[in-house]
Each structure stands twice: as C-alpha cells, then as structure tokens.
Amino acid sequence: LSALRPGKVVLYFYPKDDTPGCTLEAQDFNGLQAEFAAAGTTVIGLSKDSVKSHDKFCKKHGLGGIILASDETGTTSEDYGVWLEKSMYGKTYMGIERTTVLIDGSGKVAKVWNKVSVKGHAEEVLAAAKAL
C-alpha cells in the first residue's frame, strides 16, 4: 500500500477476482484513476482473494491504476459489515456484498453504497469524491 497518498479513499468491496461484474467494476475504477487522483482520492478494491490472485487479475485485465487488497481472513469485510449471507439458485452461502465506502480526508466515512449495481457506479463515486 505504499502508493497510498494522504487524502480521500474509495474502498470498494467486491466478491471475486476475474468474474464478469467484478472485472467490469475494476476496469471502470481503473479507467477513471487519473480523475480520482486529480480529486485527491486513492481507490482500493478489496476481496477475499489472495495477493497472487489479485496479481494475476491485474495482469490479465491491465489494471495498473488501482490498488487491490487481500482480505483472506475476512476481518475487514466483517468489520465493514459486507460479509453477509447471500443466496443464488435457492442455495445460501456467505459472501461479500458489493459495497463501496468513500472516506474523507480526515478518515471519516462520507458515503456508503450498498448492493452496488456496477454500471455507472465508478462515475457516481468519482462525482461524490470531487464534491467532498
């Protein structure tokens, strides 16, 4: 995390590397990286995938502008309340609910987006970061 700069932070929680929605979300945030940086904002994506998985994901999709952090133990996901029971095809399981947290320059949570729909989300977060 040596690339962190003082200022605002976007922490986006996503379920899994290299899945369609998560790939699109990462690409959208990565594509707007210069604008986030100009707004004094660092973007960090977090999932339970390993650092090795993140490295492979970044190389495969050219994600050089954002930071991906590993929460293999799930502690951070639990602390932020995004590790929840989910259901798909009638089966329940535990997983990360796609959530984004905007943290202001003083370290306080400024805005939270729960149950994120990926399309247009990075742009909405950028607008909120610029408005802080």
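The model is predicted, so local features require pLDDT of at least 70 and side-chain atom pairs count only at pLDDT 80 or more, while totals for chains, interfaces and linings use all residues. Residues are numbered from 1 along each chain as its sequence is written, and side-chain values use heavy atoms, with hydrogens and water left out.

**Helix α5**

Helices here are DSSP runs of H or I with at least four residues, strands are runs of E with at least two, and both are numbered from the N terminus. In helix α5 (residues 121-131), the residues His121, Ala122, Val125, Leu126, Ala128 and Ala129 are buried (under 20% relative accessible area; exposed is over 50% and partly exposed in between, with a 1.4 Å probe and protein chains only). They cover an arc of only 165° around the axis, and therefore lie on the same side of α5; the arc is that of the directions from the helix axis to the C-beta atoms. Lys130 and Ala131, on the other side of α5, are exposed. The cover over the buried residues includes β1 (8-13), α1 (20-31), α2 (33-38), β2 (41-47), β6 (99-103) and β7 (109-113).

**Nonpolar cores**

A nonpolar core is a set of buried Ala, Val, Leu, Ile, Met, Phe, Trp, Tyr and Cys residues joined through side-chain atoms within 4.5 Å. The largest has 22 residues, and Val10, Tyr12, Phe29, Phe36, Val43, Ile66 and Leu68 have the most contacts inside it. Helix α5 gives the most to this core, with 5 residues. Apart from it lies another core, of 11 residues, among them Val9, Ile67, Val82 and Ile96.

Contacts of Phe36 (heavy atoms within 4.5 Å) include Ala122, Val125, Leu126 and Ala129, when residues up to four places away in sequence are not counted.

**Salt bridges**

With a salt bridge defined as a side-chain nitrogen of Lys or Arg within 4 Å of a carboxyl oxygen of Asp or Glu, the count is 4. The table lists pairs among them.

| Pair | N to O distance |
|---|---|
| Lys16 and Asp49 | 3.4 Å |
| Glu25 and Arg98 | 2.7 Å |
| Lys130 and Glu35 | 3.5 Å |

Lys130 lies in helix α5 and Glu35 in helix α2, so this pair ties together parts that are 95 residues apart in sequence. Glu35 is partly exposed, at 36% relative accessibility. Both Glu25 and Arg98 are buried. Lys16 is partly exposed, with a relative accessible area of 45%, whereas Asp49 is buried at 9%.
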